[in-house]
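I'm keeping a few notes as I look through this structure.

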Amino acid sequence: MTATVGVAVFPGTNCELDSIHAVESLGGTGKILWHSSKNLSEVDAVIIPGGFAHGDYLRPGAIARFSPLMSAITDFANNGGPVLGICNGFQVLTESGLLPGALQKNKGLKFLCKTVEVRVETENSTLTRNAAKGVKLSLPINHFEGNFTCDHDTLNSLLEQDRVVLRYCDNPNGSIDDIAGVCNESRNVVGIMPHPERACDSLLGSEDGKVLFDSLLGAN
Amino acid sequence: MVDSLHRALGLTDEEATKIGDILQRTPNPLELAMYSVMWSEHCSYKSSRLHLSRLPTSAPWVLVGPGENAGVIDVGDGIAVAIRIESHNHPSAIEPYQGAATGVGGILRDIFTMGARPIALMDSLRFGSLDDARSCWIAEGVVSGISGYGNAVGVPTVGGEIDFDSTFQGNPLVNVLCLGTLPKDRLVLGQASGIGNLAVLLGAATGRDGIGGVSVLASAGFSDQGDVEKRPSVQVGDPFEEKRLIEACLEIFDSNLVVGIQDLGGAGLTCATSETASRGGVGMDVDISAVPQRELGMEAHEIMISESQERMLAIIEPSNLDRLFEICTKWEVNANVIGRVTEGNKLRILDRFEGNVLAEIPASSLHDDAPIYDRPKKKPEPKKSDSDEIIKVTSDPLDDLLSLLSDPSWVYSQYDHQLFLNTVVGPGYEATVLKLRDPVNGFETNKGLAITTDGNHRWCAVNPRVGTKLIVAEGLMNLACVGAHPLALVNCLNFGNPENPEVMWQLSESIDGMAEACEEFGIPVVGGNVSLYNESSGTNISPTPVVGIVGKIEELYRKPPGFELLEGNHLVLLGPSDIGLGGSLWSALHGFDHEELIDVDFEIHKVLADLVRGLIFDGTIDGIHDLSAGGLGVALAEMVAKSKFGISVARTPDTLSLFGEGPSRVLVSINPENMNDLLSRAESVNIPTTRLGLVGGDRFIVKDLIDVPKETIDSAFVTHLPNALGVGTISS
């Protein structure tokens, strides 16, 4: 696999190098995408990594969505390009309208950094095509605003269209219907709260994130 | 007016006279304000400097010792490590969230000032007892502040410690350690040189926050009333500003643009301008009108002593200015030329470079001429032994054990402890283990860094000299338990009011104990911080030196064993059986504090540490726990709570054997197949071994003392902090 994955960087993003490290450890090539640039040429897939884009000021993702890079990523996604939002990147994707719902403060009103079990709920997404439905993955979470919420109709359509990508086995943050990740209707845009890039090295505790990056790298 | 002004600023009459002698005239109010912050206890170490000189500071691998912003050591492979620890006790007592947050911000700047990328934070926290509502409020606020700032600034908080004791009621201890890595040849120092070079202020605008923080807050204790007036002295942090400042500064270093750089911390611009000039042996003109200000009508002295956060002072050649502005624009960081390096040694504060001279001071006099006090010391009267009383205690060992258990995961689950993909062993264990990566390209070296923070006020209250030796010894053993050799130590000396001769005696004794242990173990002290006036309502805290020790793991191919208990494992205690209840957690539980401590035998300790490192390296054992506060009982219970199995042990017939504390003792769990290997290795170096029992089943059994379901232990361990401080997580 020689896919080139663009990794978005806003001021305040902090997981960009970790994401690139994971991509490159699986044979891909990582490329930084600066927030003020609209250039997505030679990029096969995009990751919007974790962190605190623009300090999370106003609301996580609320300022980043107006960046030139996000308008380019929106075009890329609308043309079928694979886009993965991790944690803060998921928040940016919901703020941008590329994914439905919103991420509110954790139910316990505390930041949570721990490893949790999630279940793959569909094989039909750019992130899970190499994973088996029902398989449990051990992945770290690291967020204050990870409590996924949406209105009743949205939840119904997510369920009807098989768009829940990952579910928590033991809901840590109060997310509706234990949802840890969703995809768009075209299934090429995925947002997840857990950090698979932190689970690609047995010395760090888990390699369960690899199957997700494998799917992304092979998505094009 | 001026003579009463100096007292209001915290200067003594003698200090004011000395300033007049240096200047050979009466200082104006601005000059007096600048001396008052620089000669404060916090900046000048005037009560402790004399004693600190007794600490060993050199080793072949030390690149920068105490006195700079951070200590720096050579860890091989062209990589250097910068490390520092600092207290933010007093601000955290007044405004826990911002006090702790700005403590994190300040220590980060100390590290990236050296040219290093900060890759790890650790926190050593001490609060009043959990049954005091205000102490709980402070604890929760401090943890939230560290979480809020550290997570957002993008530096993982990978470990630390937390303790609760009524001695810290009203005066919590918040000690923050930061470690960074840099290419050895990129080391940057905080000095100005080159006449005509420019001083550029980077980062946040200057406001009235933290005016006089060091002299007002950090150098005086708290009373029952009037603390509200001190509120404006607490700074407010902005982690997003700091994140951009870190990235901008690292890019500036990569581009080789600076001659020197200094962060703005305590004493703000006064400290940064005078320190850089004085270290470089030059003078500096500072134009205060060029300093961006957050509010209107700020006075010159407010600008010069403001402790507004997220600011750096870079010294650059004029030809590099455009390139520096370019990088700052990219990262949305403000940059303004506020000073010029001049000939001579004068720090001049001006209203525009060609305008009025508002202050003119020999730059070095703010540092080198600061008073050094040899304050009187007095050994306290020995207290009556408690041993007759201790014998009479008839409490149930199970109740004692359960009340001593506390899982710190309530704290560290609020911290990002995994960013940068280095954390092999995270918070909650003996020592944190990080992968050592090349700081330029991120390549793995297959080597590791281990870090630990240790403190124990109970030991030091009984005997500050022996207590401090035991702390250093514990740090060394914590590193050994993950297979690491120690390389350097940083310390935070938290003590009471130095004008009290008994406190000065504690400080002096503690430094002697630290010096002796560091000499014996060959660990250089590369930096430190002294926090005095830790008192509340006239009561001094127990002496609380905290040490951070960094070590290296030469080959890191597998995770060190941790607290793992596997079914069928045997439990073996390594080390001497010399233990006592003096200064123990159990004694504190029952209100005793007068017994003596068991002193450390350095030779046995070193031999045991070598043995332990060998066991880790060879993979001989499955689990390991250094015995410390709470003794064998707490260590056994913590291992059970972190594992899937129960235990059954014997040879611990009484309270002393279960809860007694003594140095150089390590508990291991081992596959019986490896038992002979372990025993023969221990015997060959004369380390005593005690076979305690077995792992298995679902009960926690200490023969004749305790027999309960494992679940009882687990539950006490897990619920202790959430019950006291708020749940924070939900059960599904």
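**A helix pair in chain B**

I looked up the crossing of α18(B) and α21(B), and it is right-handed (clockwise: the near helix is turned that way from the far one by less than a right angle). Helices here are DSSP runs of H or I with at least four residues, strands are runs of E with at least two, and both are numbered from the N terminus. This is a predicted model, where local features need pLDDT of at least 70, side-chain atom pairs count only at 80 or more, and totals for chains, interfaces and linings use all residues. Residues are numbered from 1 along each chain as its sequence is written, while chains are lettered from A and ligands numbered from 1 in the order in which they are written.

Next I checked who touches whom: α18(B) brings B:A473, B:L476, B:M477 and B:A480, and α21(B) brings B:H605, B:A609, B:V612 and B:R613. In contact means C-beta atoms, placed from the backbone, within 7 Å.

**Chain B as a whole**

I found 25 helices and 28 strands in chain B. Its C-alpha atoms fill a box of roughly 85 × 55 × 50 Å along the principal axes. Of the contacts in chain B between residues at least 6 apart in sequence, 84% join residues at least 24 apart.

**Where chain A meets chain B**

Last, I looked at the two chains together: 29 residues of chain A are in contact with 27 residues of chain B. On the chain A side, α1 (16–25), β6 (112–120) and β7 (136–143) each supply at least two residues.
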